[in-house]
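Student: I would like to go through this model and ask what the labels rest on.
Tutor: Go ahead; each label will be set against its criterion.

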Amino acid sequence: MSRHSLILCTSCAGGAALAGQVARMLGAEAIAGFALHRTDCMNGCARAPTLAFRAPVKVAYLFGGVSAAHLPALAAFARLYAAAADGVIADARPLGDLRLR
């Protein structure tokens, strides 16, 4: 069972294609403990596609305007998030411009 959830909106432009790319990234990068959940709307259409990282007893993160170009940063974030007991990422600089999304 996955402890962490990566939730991705698939109803806005680019969301469905990005979901497939994220699923492949999780497998290719061997990032354990994450489950990808697709949802119809996250009410972030102005910054589509939108995705969130969530886990029990951890803070949640919401990113918008994400593309395939952000996959390396998303992989790095997933590892940092999984390693953080409370989900707080103390130094987000390795995430590049993902931290501003």
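**Labels and their criteria**

Tutor: This is a predicted model. Helix α1, residues 15–28, has 14 residues and reaches 20 Å from its first C-alpha to its last, close to the 20 Å expected at 1.5 Å a residue.

Student: Which residues of α1 are buried?

Tutor: In α1 the buried residues are G15, L18, A19, G20, V22, M25 and L26. They pack against β1 (4–9), β2 (34–39) and α2 (71–83). After α1 comes A30, with a positive phi near 55 degrees.

Student: Why is H70 called buried?

Tutor: Buried means under 20% relative accessible area. H70 has 8%, so H70 counts as buried. H70 is found in the loop between β4 and α2.

Student: What is H70 in contact with, leaving aside its neighbours within four places in sequence?

Tutor: With those neighbours left aside, H70 is in contact with G65, D97 and R101. Contact here requires heavy atoms within 4.5 Å.

Student: Why is N43 called exposed?

Tutor: The exposed label needs a relative accessible area over 50%. N43 has 71% relative accessibility, and therefore counts as exposed. N43 is found in the loop between β2 and β3, and its phi is near 60 degrees, a positive value in a residue other than glycine.

Student: What makes V57 exposed?

Tutor: The relative accessible area of V57 is 74%, and the cut-off is over 50%, so V57 is exposed. V57 is placed in the loop between β3 and β4 (61–64). Its phi, near 55 degrees, is positive in a residue other than glycine.

Student: Where is the cis peptide bond, and what is its omega?

Tutor: The cis peptide bond joins A48 and P49, with omega about -10 degrees. P49 is found in the loop between β2 and β3 (50–54).

Student: How do the elements of the protein run from the N terminus on?

Tutor: They run β-α-β-β-β-α, with two helices and four strands in the protein.

Student: Why is the protein called as compact as a globular protein of that length?

Tutor: The radius of gyration is 12 Å, close to the 13 Å that the globule rule gives for 101 residues, so the label applies. Along its principal axes the C-alpha trace spans about 35 × 30 × 25 Å.

Student: What share of the 101 residues counts as buried?

Tutor: The share is 39%. As for contacts with a separation of 6 or more, residues 24 or more positions apart account for 63% of them.

Note on methods: Residues numbered from 1 in each chain as written. Predicted model: local features only at pLDDT ≥ 70, side-chain atom pairs only at ≥ 80, totals over all residues. Heavy atoms only, no water. Expected span 1.5 Å × (residues − 1). Buried < 20%, exposed > 50% of the residue type's maximum accessible area, 1.4 Å probe, protein only. Rg over C-alpha atoms; globule rule 2.2 N^0.38 Å.
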